Amino acid sequence: MATGNVIEKGPNNQNHKAAIMIGEEGASQPSKELLFKDNQFVNDGPSPFYFLIRTIFVRNLTSSPAQLVGNRLKGWNVKALAGPGTVH
């Protein structure tokens, strides 16, 4: 569970694919609940190529559905969720 956090990706960040990656290296002990609530994500890059690269707030590579509730996303070309789950 992640609640009330502020996450920012600056223009010099080298990984613009996602702010939070779940299960990229496998999920040997999968979680039943992935909850992201009332967080703020600011994407300040990768200007001037923001239109070419989409940044995902939560990229879920597991079979456990992620729940995104009340999160605020700001910046260039940001998508809330990739993978199983819901956005409210």
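How many of the 88 residues of the chain, in percent, count as buried? The share is 33%, with buried meaning under 20% relative accessible area, exposed over 50% and partly exposed in between (1.4 Å probe, protein chains only).

A quick note before the views: this is a predicted model, where local features need pLDDT of at least 70, side-chain atom pairs count only at pLDDT 80 or more, and totals for chains, interfaces and linings use all residues. Residues are numbered from 1 along each chain as its sequence is written, and side-chain values use heavy atoms, with hydrogens and water left out.

View 1. Take the contacts (heavy atoms within 4.5 Å) with a separation of 6 or more: 67% of them come from residues 24 or more positions apart. The accessible surface is about 5500 Å², and carbon and sulfur atoms hold 50% of that. Areas come from the Shrake-Rupley method with a 1.4 Å probe, and for residues only the protein chains shown count as cover.

**View 2. The four-strand sheet.** This open sheet runs S1-S4-S7-S10, with parallel pairing; two strands pair if DSSP finds at least two bridges between them. At the edges sit S1 (2-3) and S10 (85-87), each pairing on one side only. S1 is joined to S4 (residues 34-37) by 2 bridges, and Ala 2 has Phe 36 as its bridge partner in S4. Between S4 and S7 (residues 66-69) there are 4 bridges; here Leu 35 partners Gln 67 of S7.

**View 3. The three-strand sheet.** S2-S5-S8 is the order in this open sheet, again with parallel pairing. S2 (6-9) and S8 (72-75) are the edge strands with a single partner strand each, so one side of each has no neighbour in the sheet. On average, neighbouring strands are turned by 10 degrees against each other, direction ignored (axes are lines fitted to C-alpha atoms, for helices over the stretch in contact, and angles run from 0 to 180 degrees between N-to-C directions). S2 pairs with S5 (residues 40-43) through 4 parallel bridges, and Lys 9 faces Asn 43 of S5.

**View 4. The largest nonpolar core.** Such a core is a set of buried Ala, Val, Leu, Ile, Met, Phe, Trp, Tyr and Cys residues joined through side-chain atoms within 4.5 Å. The largest one has 12 residues, among them Ile 20, Ile 22, Phe 36, Phe 57 and Leu 81. Two or more residues come from each of S3 (18-22), S4, S6 (55-60), S7 and S9 (78-82). Zoom in on Ile 22: leaving aside neighbours within four places in sequence, its contacts are Leu 34, Phe 36, Val 58, Arg 59, Asn 60, Leu 61 and Thr 62.

**View 5. Asn 71 in its loop.** Is Asn 71 buried or exposed? Asn 71 sits in the loop between S7 and S8 and, at 18% relative accessibility, counts as buried. Its side chain reaches the backbone oxygen of Phe 36 at 2.8 Å and the backbone nitrogen of Asn 39 at 2.9 Å. Not counting residues up to four places away in sequence, Asn 71 touches Phe 36, Lys 37, Asp 38, Asn 39 and Phe 57.

Conventions
Polar contact = N/O pair within 3.5 Å; in protein donor to acceptor, adjacent residues only side chain to side chain.
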